[in-house]
Amino acid sequence: MYVCPECAHEWSQESKQATESTDNQRVVCDAYGAVLQDGDTVSVIKDLKIKGSSSMVKIGTKVKNIRLVDGDHDIDCKIDGIGAMQLKSEFVKKA
C-alpha cells in the first residue's frame with residue numbers, strides 16, 4: 001500500500017500503475033477544447049504570418065491529415081500552396 005504524506009490517502013500498487021499509464025498520454029486540444037488526434041482535419045481560426053516570408057495562412061484554411069508532435073508548436077502538417085509547417089493548437093479548430 002502507498003500512503004500520501006500530506007492527506008494520508010492510501011492506494012494499492014495496481015491502481016498506481018494504471019494511473020501512470022493514463023498520465024503518459026498527451027492530450028492536445030484545439031482552441032475550443034476539442035481533442036485532436038493524428039489524421040484529423042482542422043481549420044485555421046486566425047490569419048497567421050509566416051516568419052521569414054511575405055505570405056500568410058488565411059483564416060478558414062483547411063489542413064488535412066495533421067500529425068501531433070511534442071514541443072511548442074504541437075501540430076505538424078502540410079498546407080496546400082505553402083508546404084510543410086508547424087502550427088500551435090490554439091490557432092486551429094477541429095473540422
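## Basis and overall composition

A residue is called buried when its relative accessible area is under 20%, exposed when it is over 50%, and partly exposed in between, using a 1.4 Å probe and protein chains only. By this criterion, 25% of the 95 residues of the protein chain count as buried. The structure is a predicted model, in which local features need pLDDT of at least 70 and side-chain atom pairs count only at pLDDT 80 or more, while totals for chains, interfaces and linings use all residues. Residues are numbered from 1 along each chain as its sequence is written, and side-chain values use heavy atoms, with hydrogens and water left out.

The protein chain contains 1 helix and 12 strands; these elements are DSSP runs numbered from the N terminus, helices being H or I with at least four residues and strands E with at least two. Along the sequence they follow the pattern β-β-α-β-β-β-β-β-β-β-β-β-β. Contact here means heavy atoms within 4.5 Å. Of the contacts in the protein chain with a separation of 6 or more, 42% are between residues 24 or more positions apart.

## The E9-E10-E11 sheet

Two strands are taken to pair if DSSP finds at least two bridges between them. On that basis, 3 strands form an open sheet in the order E9-E10-E11, with antiparallel pairing. Strand E9 (67-68) and E11 stand at the edges with a single partner strand each, so one side of each has no neighbour in the sheet. In strand E10, 4 of the 5 residues are buried, so this strand is largely enclosed by the rest of the structure.

E9 and E10 are joined by 2 bridges and run antiparallel, with Arg67 standing opposite Asp76 in E10. The two strands form a hairpin with 6 residues between them, and Gly71 in the turn has a positive phi of about 125°. The antiparallel pairing of E10 and E11 extends over 5 bridges. Cys77 has Met85 in E11 as its bridge partner, and Ile79 has Gly83 in E11. This second hairpin has 3 residues between its strands, with Gly81 in the turn at a positive phi of about 85°.

## The E8-E5-E12 sheet

An open sheet of 3 strands has the order E8-E5-E12, again with antiparallel pairing. Its edge strands are strand E8 (62-63) and E12, each of which pairs on one side only. E5 is joined to E12 by 3 bridges, and the bridge partner of Ser43 in E12 is Lys93.

## Nonpolar core

A nonpolar core is a set of buried Ala, Val, Leu, Ile, Met, Phe, Trp, Tyr and Cys residues joined through side-chain atoms within 4.5 Å. The largest such core has 15 residues, among which Val63, Cys77 and Leu87 touch the most other members. Strand E5 (42-44), strand E10 (75-79) and E11 each supply at least two residues of this core, and the largest share, 3 residues, comes from E10. Leaving aside neighbours within four places in sequence, Val63 is in contact with Asp40, Thr41, Val42, Val44, Cys77, Lys78, Ile79 and Leu87.

## Loop residues

Asp40 lies in the loop between strand E4 (35-36) and E5, and is buried at a relative accessible area of 13%. Beyond four places in sequence, its contacts are Val35, Val63, Lys64, Asn65, Ile66 and Lys94. The C-alpha atoms of Asp40 and Arg67, 27 residues apart along the chain, are separated by 8.1 Å. Asn65 is located in the loop between E8 and E9; this residue is exposed, with a relative accessible area of 59%, and has a positive phi of about 55° although it is not a glycine.

Ser89 is found in the loop between E11 and strand E12 (92-94) and counts as buried at 11% relative accessibility. Not counting residues up to four places away in sequence, Ser89 touches Val28, Cys29, Asp30, Ala31, Leu36, Asp74 and Ile75.

## Largest pocket

A pocket is an open set of points on a 1 Å grid over the protein atoms alone, where a 1.4 Å probe fits, with protein on both sides within 12 Å along at least five of seven lines; lining residues have an atom within 4 Å of a point. Points are joined across faces, edges and corners, and the volume is the space filled by probe spheres set on them. The largest pocket has a volume of about 240 Å³.

Its lining consists of Leu48, Lys49, Ile50, Lys51, His73, Met85, Gln86, Leu87, Lys88 and Phe91. Strand E6 (48-49) and strand E11 (83-87) each supply at least two lining residues, and E11 gives the most, with 3 residues. By class, the lining has 5 nonpolar, 2 polar and 3 charged residues, where Ala, Val, Leu, Ile, Met, Phe, Trp, Tyr, Cys and Pro count as nonpolar, Asp, Glu, Lys and Arg as charged, and the others, Gly among them, as polar.
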